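Reader: Before I look at the model in detail, I would like to learn how such features are read. Could you take me through them step by step?

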Amino acid sequence: MEGVRPHSGHWSRGARAKAFLALTKPRIIELLLTTTVPVMFLAEQGVPDLWLVFATCLGGYLSAGGANALNMYIDRDIDALMERTRNRPLVTGVVRPGECLTFGLALAVVSTLWFGLTVNWASAALALGALLFYVVVYTMWLKRRTAQNIVWGGIAGCMPVLIGWSSVTGTVSWAAVILFLVMFFWTPPHYWPLSMKVKDDYARVGVPMLPVVAANTVVARQIVLYSWVMVAVSLLLWPLGYTGWFYPLVAALAGAWWLWEAHGLYQRARAGVRGAKLKEMRLFHWSITYVSLVFLAVAIDPFLR
């Protein structure tokens with residue numbers, strides 16, 4: 001495949017092990033688990049069974065890791081041409097495409113069985129649904145066809161919220177749906193700033209991320225709109241009786257800072273600022289902090305009611 005370096009056959013076992021670990025994208029999974037565990041505390045209204053937390057986290061890691069490996073298998077052609085992905089294992093040749101495909105499929109099967117046998121089959125179904133959505137709907141269908149790819153493809157990244165709740169209760173409640181929607185409206189304004197920075201990469205390989213096909217002002221306006229809806233939805237847990245005073249306080253303060261950053265990016269885009277002075281990555285980095293704070297508040301709130 002053009003741009004993919006041939007497999008040399010001389011990689012050490014350590015390098016190979018690190019490469020297979022890299023196929024799972026551990027840093028992304030860390031963020032997914034950041035949303036899963038706090039929801040379990042909210043569902044339990046206290047400390048959930050620690051074995052259940054471990055089983056859910058391990059199942060979530062295996063499932064998301066399988067989805068990420070399959071994503072790299074499908075996207076290996078464009079990964080070889082993009083600056084930010086040129087050192088991925090399939091591009092460097094540390095892992096062969098067939099090995100990656102087998103690894104991803106194996107993780108999909110093992111994770112589904114793990115969830116079903118150690119957590120419950122509702123969580124297993126949700127995890128498998130998230131994997132299939134990410135691989136088939138986002139990677140194979142949406143990503144290369146529409147600028148709305150990350151909007152709808154982001155649904156897969158929202159599923160850990162439902163999985164966390166169902167692992168404790170065996171079902172899904174409105175509280176879980178609200179937090180699912182928080183993540184749904186969070187995903188585009190989280191990812192679009194990064195896409196603005198690396199839009200030349202996406203343009204080079206023909207992936208129509210919104211910053212590739214629209215002006216910075218349009219992208220920033222969309223970021224502001226999604227941000228307002230996200231913050232508004234995040235505050236619904238309190239009036240609906242799912243939290244006490246602590247969560248809405250943290251969500252309001254973190255949301256206010258998010259909106260400040262989002263509007264700042266929009267104003268800079270409207271003023272024609274480009275390059276490093278646009279500071280789009282400030283919102284990207286804050287978005288990760290925002291999720292961590294809001295979901296930490298989700299976990300703490302039951303103890304303060």
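Author: Let us begin with the term helix: helices are DSSP runs of H or I with at least four residues, strands are runs of E with at least two, and both are numbered from the N terminus. By that rule the chain has 15 helices and zero strands. Helix α9 is followed by Gly170, whose phi is positive, near 80°. This is a predicted model, in which local features need pLDDT of at least 70 and side-chain atom pairs count only at pLDDT 80 or more, while totals for chains, interfaces and linings use all residues. Residues are numbered from 1 along each chain as its sequence is written, and side-chain values use heavy atoms, with hydrogens and water left out.

Reader: How many residues does helix α9 have, and what span does it reach?

Author: The expected span of a helix is 1.5 Å times one less than its number of residues. Helix α9, residues 155-169, has 15 residues and reaches 21 Å from its first C-alpha to its last, close to the 21 Å expected.

Reader: Is α9 mostly covered or mostly open?

Author: Buried means under 20% relative accessible area, exposed means over 50%, and partly exposed lies in between, with a 1.4 Å probe and protein chains only. On that scale α9 is mostly covered, since eleven of its 15 residues are buried, among them Cys158, Met159, Trp165 and Ser166.

Reader: Where is Thr171 placed, and which residues does Thr171 touch?

Author: Thr171 sits in the loop between α9 and α10 (174-197), and because its relative accessibility is 46%, Thr171 counts as partly exposed. Contact means heavy atoms within 4.5 Å; leaving aside residues up to four places away in sequence, Thr171 touches Trp165 and Ser166.

Reader: Which elements cover the buried residues of α6?

Author: An α-helix has 3.6 residues a turn, so residues three or four places apart point the same way. The buried residues of α6 include Cys100, Gly104, Leu107, Ala108, Ser111 and Phe115, and what covers the buried residues of this helix includes α1 (13-23), α3 (50-74), α5 (89-92), α7 (121-142) and α9. Ala108 and Thr171 are 63 residues apart in sequence and 22 Å apart in space, C-alpha to C-alpha.

Reader: What share of the residues in the whole chain is buried?

Author: Buried residues make up 54% of the 305 residues in the chain. Among contacts between residues at least 6 apart in sequence, 76% join residues at least 24 apart.
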